[in-house]
Amino acid sequence: MECKVGLIIPSLHINQNRETVLVNRYKNQIYNTQTRVFISTNDLEDIIHHFNRDYIFDFRSELFILYNSSSDTDKILSVSTVSIHHTLNEREIKVTTQSNALKKQNVTLWFLKEHLDALQLKQDQIIYFDTISTYRVPKIEHLILSNTTNDNEDHSSLFLNKWSIVGIQPDLPLTYPRGEINLFQRTGKITTYRYKIVQQQTLNSNLENQLNQLSIQPEDGLENRFMLVSSNTTYEYVQSDKISNIDRDKEIGALFGHQYEQIRNLIKTSFRDEKALNRLKKMNIQPIGSLLIHGPPSCGKSTMIDLISKEFNINKVMVNFNDIHKYQPTSKGMILKHNQAKYESAMMIIDQIDEIFPETGDSSRSRQELNGDQLTTVFLDMIQSAYSNGIFIVGITSKLPSLSNYVTSQFDEIIKILPPTLSERVEIFKYYLSQGDIVDVNSQHNLQVIQSTSEDCNGYMGGDISTMCRDAILQLMKRSKGCTSPPMLLEKDDFINPYGLFKNNTKTILSKMSPSSPKIRWVDIGGLELVKKSLKEMVIWDYHYGDSIKRLGIQTSTGILLYGPPGTGKTMLASACAHEAKANFISVNIADVVQGDYGESEKILSELFKTAILNAPCVVFIDEIQSIFGHKETTGSHGRKLISQLLIELDEINIHNRSPNASKTGKVMLLAATNLPQAIDKSFLRPGRFDKLLYVEPPNNKDRLAILEGLVKKNNIKLDSDVDLSYIADITLNYTGSDLNGLLKKSGIYTIQRDMKADCISKLDIFKVIGETTPTFTYKQMKLFEDWEKSRLEKFKNG
């Protein structure tokens with residue numbers, strides 16, 4: 001809205017004497033009032049009609065946004081509060097009569113002389129303004145204060161009580177994300193500080209919900225340009241040289257994703273959110289006082305706690321095995337640490353808690369039976385009284401099965417840190433490689449290298465990636481002979497050691513089975529058209545057209561068993577299914593599941609399927625399933641327990657896939673492969689489990705030709721002009737896909753042996769290999785598969 005600038009004289013227009021003017025001027029400086037706009041009651045109606053708000057227009061909850069130009073609204077002159085004065089009378093606003101209608105001049109906004117000078121405005125100048133309700137403006141959650149550029153003093157001692165924040169009052173508008181603010185402190189003088197606004201990602205969504213409830217829609221993005229201090233705004237003072245470390249901490253915290261936010265919100269509610277604590281007390285709910293965090297090594301458990309304690313300025317008391325066992329009795333060391341945490345109102349962090357309270361193997365021990373173990377008894381009492389004692393207990397372990405089951409059950413919350421997904425690994429790589437400004441992680445070449453490397457690092461943790469990035473930068477500088485001038489181009493070899501393995505490969509069993517995103521497509525698999533068609537209908541359709549299938553009331557298969565000779569492409573088919581369905585893929589190696597410790601195999605299997613459900617849509621693939629999940633009568637007690645556990649997990653997947661939540665998150669499918677279907681226990685082949693079986697037979701002539709052509713194209717194999725792939729396909733009867741791949745590789749070796757200068761594989765080299773090798777699939781094996789398939793079909797026909 002267009003308006004005219006007016007000069008207000010306090011003693012003349014608003015009946016303020018000189019003393020009152022001086023007091024107000026000092027108050028404006030203390031309370032960071034940028035400008036104060038005065039308007040007359042006569043102008044109220046014009047302003048209200050102009051903005052035509054769809055909610056009640058209350059000037060007490062409105063801010064005036066001043067602009068120099070109507071076309072350049074990006075440059076805000078000031079965000080001003082409003083004072084309405086009826087003593088600004090009619091003589092200040094001239095009215096003229098034209099054509100029997102009253103026509104008013106521009107609305108006048110009145111300013112004090114010092115505010116006109118600060119804004120570099122002149123009397124009668126035309127400016128523009130907009131208004132915004134304080135309901136639209138986001139509230140500041142956290143404010144970080146630091147010294148100004150020309151101030152090198154440490155003001156930490158001034159922030160020890162409420163006097164330190166006089167000047168940060170509710171509804172104070174501050175420019176987002178940083179600026180300067182005045183504080184009246186206990187020294188009796190006004191000090192200027194730099195500030196930085198720290199908001200969480202959930203704020204915008206919460207604000208949007210509040211606006212929807214009030215039927216207020218944001219306009220022109222004004223609500224994103226500044227924010228308001230609220231009664232819940234927290235603050236902290238940090239010296240200027242440490243402010244960059246806080247920015248870095250926020251970036252690292254964002255890399256952990258929702259798990260970091262979950263832990264952060266939990267600790268904040270119990271330690272720093274007085275409003276939430278009061279609500280819980282009114283409902284007679286005791287806040288959470290203990291948390292157990294578990295996950296693979298190097299996944300960031302301790303790092304998360306360090307970042308959160310820094311953000312909320314929470315003291316930490318660290319406890320480890322040596323701190324406890326250097327005292328006799330050991331409970332004395334735990335009591336000393338507990339008393340220290342109580343005195344400092346701190347978080348009591350117990351690292352590697354499984355070493356202090358190991359699992360004894362007797363899960364039936366009750367609380368009364370544990371009384372003999374004084375250390376355990378003392379610690380359990382500490383957990384029960386953690387909140388009432390003003391502390392928060394955090395247990396950290398990388399070996400949850402090794403921790404006492406009874407101690408585990410006493411924690412209020414248990415959170416597992418999962419390995420990062422592909423997209424999260426890319427962001428972690430980009431973050432660590434960008435440190436030091438040596439590598440431009442946004443260049444197209446470097447992005448491709450990072451993406452390719454991330455795809456090969458399935459199951460790697462943040463700590464592993466950090467080490468890889470450090471070594472890669474050192475290798476890059478070595479390769480460029482110390483030159484750091486752009487462009488610095490990464491190579492995938494920078495991440496690989498001389499043995500051809502990625503550096504710092506410390507993956508745990510569960511992290512090896514973390515979700516991945518395979519890149520194998522249908523076109524990469526030669527032949528097997530009938531099997532691919534069946535998998536599309538059984539798996540791909542279920543993911544892509546799940547709503548249509550559900551509308552018909554059809555219950556689709558959860559498990560599919562692929563059986564056939566070795567090397568026919570069963571693993572590739574499972575990977576291609578996940579890729580075409582746009583689902584996560586978890587490949588399970590039986591050797592990783594079978595563990596020597598009692599009950600460990602069942603726990604790994606359970607965690608595996610929990611991970612699959614959390615990462616739905618997901619395809620789980622178990623290769624060589626008959627090696628452990630065979631007939632119950634022949635597998636022994638350990639095998640029978642694993643079979644029972646897998647059957648339980650299959651039932652859990654069925655429950656998940658039928659739940660309403662599955663339509664939002666996606667389904668979990670289980671694919672398994674075997675070379676000996678007759679060795680599979682019959683309980684797996686019932687409806688609701690592996691009720692669909694697909695025979696992946698050796699390729700026929702047409703399929704072998706497609707496989708050979710695909711291998712030549714994919715690997716860029718050079719063949720002589722006399723090589724006829726269709727003829728080779730005809731004479732390689734019973735050859736599987738892996739046999740054909742080995743045929744071409746061995747032919748290349750024979751070519752080099754024959755002539756070191758040869759640049760292509762000849763027909764004679766291929767024939768030589770064919771004459772010396774035999775296919776892995778024999779007629780005897782073919783007969784076994786045919787007989788089993790016939791017997792299965794006969795049983796199906798006979799009911």
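Let's start with two helices, α7 (residues 258-271) and α9 (residues 301-311), whose axes come within 10 Å and cross at roughly 45°. Helices here are DSSP runs of H or I with at least four residues, and strands are runs of E with at least two. The axes are lines fitted to C-alpha atoms over the stretch in contact, with angles running from 0 to 180 degrees between N-to-C directions. Angles under 35 degrees count as roughly parallel, over 145 as roughly antiparallel, 65 to 115 as roughly perpendicular and the rest as oblique, so α7 and α9 are oblique to each other.

Who meets whom? On the α7 side you'll find Y260, I263, R264 and I267, and they meet M304, I305, L307, I308 and E311 of α9; contact means heavy atoms within 4.5 Å.

A word on the model: it is predicted, so local features need pLDDT of at least 70 and side-chain atom pairs count only at pLDDT 80 or more, while totals for chains, interfaces and linings use all residues. Residues are numbered from 1 along each chain as its sequence is written, and side-chain values use heavy atoms, leaving out hydrogens and water.

Now zoom out. The chain has 30 helices and 24 strands. Of its 799 residues, 46% count as buried, meaning under 20% relative accessible area with a 1.4 Å probe, protein chains only. Take contacts between residues at least 6 apart in sequence: 78% of them join residues at least 24 apart.

Finally, look at N734, in the loop between α27 (725-731) and α28 (737-754). Its relative accessibility is 10%, so N734 counts as buried. Leaving aside residues up to four places away in sequence, N734 touches R704, D739, P775, F777, Y779 and M782.

Note on methods:
Buried means under 20% relative accessible area, exposed over 50%, partly exposed in between (1.4 Å probe, protein chains only).
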